[in-house]
Amino acid sequence: MSNQISRREMLGLGVATIAGLGLSRDQAQATSHAVAGAYQPFRGYNPGSGSARPYWEKSYSGGPIDVKPLPPVLPGRGYRPVIVPDGAALPFKIVDGVKVFHLIAEEVDHAFDSGLIAKCWGYNGRVNSTVIEAVEGERVRIYVTNRLTVATSVHWHGFNLPNGMDGVGGLTQPYIKSGETVKYEFTLRQYGTQMFHSHHDEMTQMGMGMIGMFVIHPRNPRPEHHVDRDFSLMISEWAIPAGTSRPNTLEMTDFNVLTINGKVFPSTAPLICKTGDKVRIRLGNLGATDHHPMHIHGYHFRVTATDGEEIPLSAQWPESTVLVGVGQTRTIEFISDAPGDWAFHCHMTHHVMNQMGHQFPNMVGVNPAGLDEKLRPLLPAYMTMGQTGMDMGKMAEVMPMPRNTISMKGAAGPFGDYISMGGLFTVMKVRDQLKSYDQDPGWYKHPSGTVALKATDDELRRDGIEISNLPLTGAAQQVIPKATRHDGH
Ligand SMILES: [Cu+2]
């Protein structure tokens, strides 16, 4: 009995909780159908901030639907627009106090990289990188014109909205048929990083590129909402066999093109910051199958929002890798106080490869001496690959590739060596001085003595590191023929 709460105690607890929130029983039981006048902006979960919402509330759907919207806000006036590397925000106009957008679903010849162009589907001429931006409390009207040859619909992912605006083709609305224009309209009763995507034949349509970010800025930003750099990055994955130019949306596991805002490294635009900036990166994942542990070098960040909902300061996780699952958004924030060229990438090693990085026999550790010479008379372009791993960023330069194909990875780096990365990889460039955020500052110039370089003989001698007498151990002992061994055995 001592471990159980009696019914009387439970009732007492209920009354105390309701009293603590300053609500009457009637208010606490109010439903979303109650009309509540003008929309009340959310003032945050943090204690002491005069929160309009209790930490946990009965309704998690944004409260009453029938609220009077608040006036529209212009970019640069009430909010600072997000930065969309390799993309852009959708333009809007204001008609009678409503923000009006026009989304156009269409086929796009999309360049993942200068070497790979494919017929994809997207919105307003872009693939994965058209962002809709608005402000909490606004009324938005979004016309969707379908210029595809098949029906579609648009789902507003993570939104608290009337059911008939939810965009599930066949369930909450008729399809948007080819050539038709459909009108969505609702009031934004929340803020945060949300997304939108086709919700008809998802496997095909999302796989062809019909996804995007939808950023809702807070109506009354608190000081902690201010950032200097606010990046919006949408992650996706594609199966485009080498030499072809149309994504294979039937593929379920073997993706060979992994993108940030529709681009693969080295074509992903760098994230340019000044030393000391407060940086926010909004990450969304609407790929088919894979979750992506996105990792930053040189820093730890705080995860400040999940699926667009803010995390109270006391519950924020410090991390250097955040898992962005399919259908999720994660918002991370940090101060860019360490200058340099910092890698920011998915930590699944197969996700930092481009095309051509799969479907070869495993040759690691195999000595194929003479094999290439023997086979060349039969197969002039033959080259055994992978016996020392896949350190072949320059492959495109030394072997012929099918047309419309990008090499599996790699870009010329500042030291003459290739950066052996592709896919879900970008570089955050932090500089003490910047001419402009819009201009790539080039490679970082490291202060003298701060780069890992080949050790000198003097250094080795000083620290007693013997190289010439190193006994061979483990695998090296087994692989290297006896005649070449120098350890006297
Ligand atoms: Cu990944």
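Colleague: Which strand is the place of S236?

Modeller: In this predicted model, S236 sits in strand β11, which covers residues 229-238.

Colleague: Why is S236 called buried?

Modeller: Its relative accessible area is 2%, and buried means under 20%. The value for S236 falls under that cut-off, so S236 counts as buried.

Colleague: What is S236 in contact with, once neighbours within four places in sequence are left aside?

Modeller: The partners of S236 are N128, I211, V257, L258, T259, L286 and G287. Contact here means heavy atoms within 4.5 Å.

Colleague: Now the metal. What makes H292, C346 and H351 the residues that coordinate the copper ion?

Modeller: Donors are N, O and S atoms within 2.8 Å of the metal. The ND1 of H292, the SG of C346 and the ND1 of H351 coordinate the copper ion at 2.0 Å, so these atoms meet the cut-off and count as donors. In sequence, the donor residues follow the spacing H-x53-C-x4-H. H292 lies in strand β15 (residues 292-296) and C346 in strand β21 (residues 340-346), so this pair ties together parts that are 54 residues apart in sequence.

Colleague: How do you know that H292 and C346 are buried?

Modeller: H292 has a relative accessible area of 0%, and C346 comes to 1%. Buried means under 20%, so H292 is buried and C346 is buried.

Colleague: One last topic. How many cavities of 30 Å³ or more are there, and what lines the largest cavity?

Modeller: The count is 1 cavity of 30 Å³ or more. About 30 Å³ of space lies in the largest cavity, and its lining consists of P85, D86, L233, I260, T268, A269, L271 and T426.

Colleague: What makes up that lining by class?

Modeller: The lining of the largest cavity has 5 nonpolar, 2 polar and 1 charged residues. Asp counts as charged, and D86 is one of the lining residues.

How values were computed
Residues are numbered from 1 along each chain as its sequence is written. This is a predicted model: local features need pLDDT of at least 70, side-chain atom pairs count only at pLDDT 80 or more; totals for chains, interfaces and linings use all residues. Side-chain values use heavy atoms; hydrogens and water are left out. On a 1 Å grid over the protein atoms alone, a cavity is a set of points where a 1.4 Å probe fits but cannot get out, and a pocket is an open set with protein on both sides within 12 Å along at least five of seven lines; lining residues have an atom within 4 Å of a point. Grid points are joined across faces, edges and corners, and a volume is the space filled by probe spheres set on the points. Donors are N, O and S atoms within 2.8 Å of the metal (3.2 Å for Na, K and Ca); water is not among the atoms, so sites may look incomplete. Helices (H or I, at least four residues) and strands (E, at least two) are DSSP runs, numbered from the N terminus. Buried means under 20% relative accessible area, exposed over 50%, partly exposed in between (1.4 Å probe, protein chains only).
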